[in-house]
Amino acid sequence: MQTDAVIDRAITTALEAETRIEKGTFVANALQHHIASMVRGLLLLDRQESDAYETAGVEEPLRFESGGWKFNGKIDRIEKTPGGEIIITDYKTGEFKKMGSTLRKRVLATLDEGENSDWQVPIYLSGYRDKDRKRATAFKHYVVQPGEDPFHIKLFVGAASDELPPEAAGGGGKYKRYSYVLTSELEDIMDVAESVAGQIFGERVDFPKTEFTSRCRNCFFSRLCGREA
Ligand code: SF4
């Protein structure tokens, strides 16, 4: 299908699904612009991948248990390579200026419970198993930001760095950026995820509440800490 036809169909579908948006309004025009730019970016990235995968699932719910805690998510798209390898893909349409190495750093920052860390990648990679109980071999972000060149950023998963494909060492180019994460690192990250879940949702007898109650107004944890804002 021609690019313009794909864009028109995506815009029509989005506007039909969102009945509150009136045609010709600022919101409708902005949405139209956003969708057009996103679809163009995705098609361009797809051309770079030429036949390297088939789509094995879209909007797939991810649910798994680890250490007695339930983790949930939704996978934007699952790709299957001709060799049967599974790649979890995720679309990013907001600001996302990362190289492969910086995404790897952010994933590993979860080990120190750093604020500037990325939980989605390790949790999705750790939790995904296909019908044959196979793990995904990579996680890929499709980054399509309006007004910017699209690119994809891919983290390969392997047991040891010397078993990974050469691209995993880093680099890439205008449209592709690479890095890796080891299975042992994913296991360590899940240990931290379980301990963080325990700190947030576990039984708590003495929760240290802030004295500055204005902070509680928009706090997600107000019901857990007992201070309903
Ligand atoms: S509502 Fe949030 S900010 Fe306020 S005391 Fe509880 S955890 Fe702290």
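## Two domains

The domain bounds used here come from an automatic or database domain assignment. In this predicted model, the protein chain splits into domain 1 (1–50) and domain 2 (51–201). Taken over C-alpha atoms, the centres of domain 1 and domain 2 sit 26 Å apart.

Where the two domains meet, eleven residues of domain 1 are in contact with eleven residues of domain 2. On the domain 1 side that touches domain 2, you'll find four nonpolar, six polar and one charged residue.

## Helix H5 and its two sides

Helix H5 covers residues 183–201, 19 residues in total. From first C-alpha to last, H5 reaches 26 Å, close to the 27 Å expected at 1.5 Å a residue.

Which residues of H5 are buried? They are Ile189, Met190 and Ala193. Looking down the axis of H5, its buried residues fall within an arc of 105 degrees, so they line one face of the helix. The cover over the buried residues of H5 includes E1 and helix H4 (120–127).

Glu59 isn't a glycine, yet it has a positive phi of about 50 degrees. Is Glu59 buried or exposed? Glu59 has 9 other C-beta atoms within 10 Å; a residue counts as exposed at 12 or fewer, so Glu59 is exposed.

## Around the ligand

Ten residues surround the ligand, and the closest are Lys209, Cys216, Cys219, Ser222 and Cys225. Sorted by class, the shell around the ligand has five nonpolar, two polar and three charged residues.

Note on methods:
Residues numbered from 1 in each chain as written. Predicted model: local features only at pLDDT ≥ 70, side-chain atom pairs only at ≥ 80, totals over all residues. Contact = placed C-beta atoms within 7 Å. Nonpolar A, V, L, I, M, F, W, Y, C, P; charged D, E, K, R; others polar. Buried ≥ 20, exposed ≤ 12 C-beta atoms within 10 Å, placed from the backbone. Near = placed C-beta within 6 Å. Helix = DSSP H or I, 4+ residues; strand = E, 2+ residues; numbered from the N terminus. Expected span 1.5 Å × (residues − 1). Arc of directions from axis to C-beta.
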